[in-house]
Amino acid sequence: MIRLEGLTKRYGAFTAVDAIDLEVPKGSLFGLLGPNGAGKTTTLRMIAGILQPDEGRVLVEGFDVVRDPYQAKRRLGYIPDRPFVYEKLTGAELLRFVAGLYGQDGAAIEERIEELLRLWDLERWADELVESYSHGMRQKLIISAALVHRPTVLVIDEPMVGLDPKSARLLKDLLRAFAQTGGTALISTHTLAFAEVLCERMAVIDTGRIVALGSVEDLRAQAKAESSGLEEIFLRLTGGAAEGELLRVLEG
Ligand code: ATP
């Protein structure tokens with residue numbers, strides 16, 4: 001479970017995230033949509049405990065990320081949009097290092113690392129330095145790193161960037177299985193088709209505020225959109241649909 005209560009972040013006089021309230025129930029996949037600069041990454045970074053909120057709080061499985069970071073973070077996996085990876089470690093070493101940060105080592109973790117590398121077809125790259133990995137391979141390694149300690153909550157920023165179709169499909173299946181086994185995920189994405197097939201509920205955020213919330217059907221009603229496509233709904237909710245030109249370009 002993830003709960004945001006009045007979550008606010010300011011950069012100087014600019015309010016990037018403005019008093020957001022949101023609850024993502026256990027066992028669900030929740031989409032966070034919004035135009036560039038809407039405040040999605042800032043929100044996810046506060047949930048992950050990387051940025052401190054100016055007001056409000058984040059609860060992960062009931063634990064306050066600021067007041068009880070150890071309990072919150074051991075339950076959380078964060079997949080950032082711009083993955084930083086240590087270039088001079090091998091893939092297996094990086095996963096071992098991350099597991100170590102969570103106090104996990106030994107035979108069970110070695111098995112876990114093998115299992116994750118096998119899942120993502122990275123087995124034969126396990127002992128190669130990360131600097132030789134392609135963008136997509138790094139993305140798969142970062143996803144593995146977020147899963148290595150078996151979190152029950154995942155916070156994912158733009159998961160599809162760089163993934164080939166097979167890996168994208170695998171990620172979808174993995175997230176569905178994660179939710180079916182009680183996991184909770186908040187997924188920020190511009191890939192509307194991904195959100196539409198995967199997330200039973202979603203929020204649209206614009207200039208730091210939630211402008212619509214619910215299932216695709218709920219969003220459609222809130223946007224007063226006729227078409228069933230999430231793209232039109234999104235553009236209406238975020239002010240894009242008024243520009244017919246934009247829709248034509250997107251549809252072309
Ligand atoms: P995108 O879809 O482009 O990734 P986003 O919804 O993730 O956008 P954020 O990265 O959360 O947006 O940024 C929200 C706003 O906060 C933007 O206007 C951005 O310029 C601003 N911002 C983010 N980080 C900083 C920072 N470190 N200092 C000042 N302003 C920042």
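Trainee: Where is the place of Glu158?
Mentor: Glu158 lies in the loop between β7 (153-157) and α6 (165-180). Please keep in mind that this is a predicted model.

Trainee: What makes Glu158 buried?
Mentor: Set the value against the cut-off. Buried means under 20% relative accessible area. Glu158 has 12%, so Glu158 is buried.

Trainee: What is the phi of Glu158?
Mentor: Phi of Glu158 is near 50 degrees, a positive value in a residue other than glycine. Asp121 also has a positive phi, about 60 degrees, although Asp121 is not a glycine.

Trainee: Where is Asp121 found, and why is Asp121 called partly exposed?
Mentor: Look in the loop between α4 (107-119) and α5 (135-147) for Asp121. The relative accessible area of Asp121 is 49%, so Asp121 is partly exposed.

Trainee: What makes Ser215 buried, and where is Ser215 found?
Mentor: Ser215 sits in the loop between β10 (209-214) and α8 (216-223). Its relative accessible area is 16%, and the cut-off for buried is under 20%, so Ser215 counts as buried.

Trainee: Which residues is Ser215 in contact with, leaving aside its neighbours within four places in sequence?
Mentor: They are Glu200 and Arg201. To be in contact, heavy atoms must come within 4.5 Å.

Trainee: How do you know that β9 and β10 pair?
Mentor: Two strands pair if there are at least two bridges between them. Strand β9 (residues 201-206) has five bridges to β10, so the two are paired, and they run antiparallel. As one example, Asp206 has Arg209 in β10 as its bridge partner. The hairpin of β9 and β10 has two residues between the strands, and there Thr207 takes a positive phi near 40 degrees.

Trainee: How many bridges join β4 to β5?
Mentor: Strand β4 (residues 55-60) is joined to β5 by two bridges. The rule asks for at least two, so β4 and β5 count as paired. The two strands run antiparallel, and Phe63 in β5 is the bridge partner of Val60.

Trainee: What is the order of the strands in the open sheet of four strands?
Mentor: The order is β2-β1-β4-β5, with antiparallel pairing. β2 (14-24) and β5 (63-64) stand at the edges with a single partner strand each, so one side of each has no neighbour in the sheet.

Trainee: And what holds strands of a sheet together in pairs?
Mentor: Strands of a sheet pair through backbone hydrogen bonds, either parallel or antiparallel.

Trainee: Why is Glu55 called partly exposed?
Mentor: Glu55, which is found in strand β4, has a relative accessible area of 41%. Leaving aside neighbours within four places in sequence, Glu55 is in contact with Gly6, Leu7, Thr8 and Arg10. The C-alpha atoms of Glu55 and Ile20 are separated by 10.0 Å, and these residues are 35 apart along the chain.

Trainee: What makes helix α9 mostly covered?
Mentor: Six of the eight residues in α9 (residues 230-237) are buried. The buried ones are Leu230, Glu232, Ile233, Phe234, Leu235 and Leu237. Take Leu235: its relative accessible area is 7%, and the cut-off is under 20%, so Leu235 is buried. Just after α9, Gly239 takes a positive phi of about 85 degrees.

Trainee: How many helices and strands does the chain have, and why is the chain called as compact as a globular protein of its length?
Mentor: There are ten helices and ten strands. The radius of gyration is 19 Å, close to the 18 Å that the globule rule gives for 252 residues, so the chain is as compact as a globular protein of that length. Buried residues make up 50% of the 252 residues.

Note on methods. Residues are numbered from 1 along each chain as its sequence is written. This is a predicted model: local features need pLDDT of at least 70, side-chain atom pairs count only at pLDDT 80 or more; totals for chains, interfaces and linings use all residues. Side-chain values use heavy atoms; hydrogens and water are left out. The radius of gyration is taken over C-alpha atoms; the globule rule is 2.2 Å times the number of residues to the power 0.38. Buried means under 20% relative accessible area, exposed over 50%, partly exposed in between (1.4 Å probe, protein chains only).
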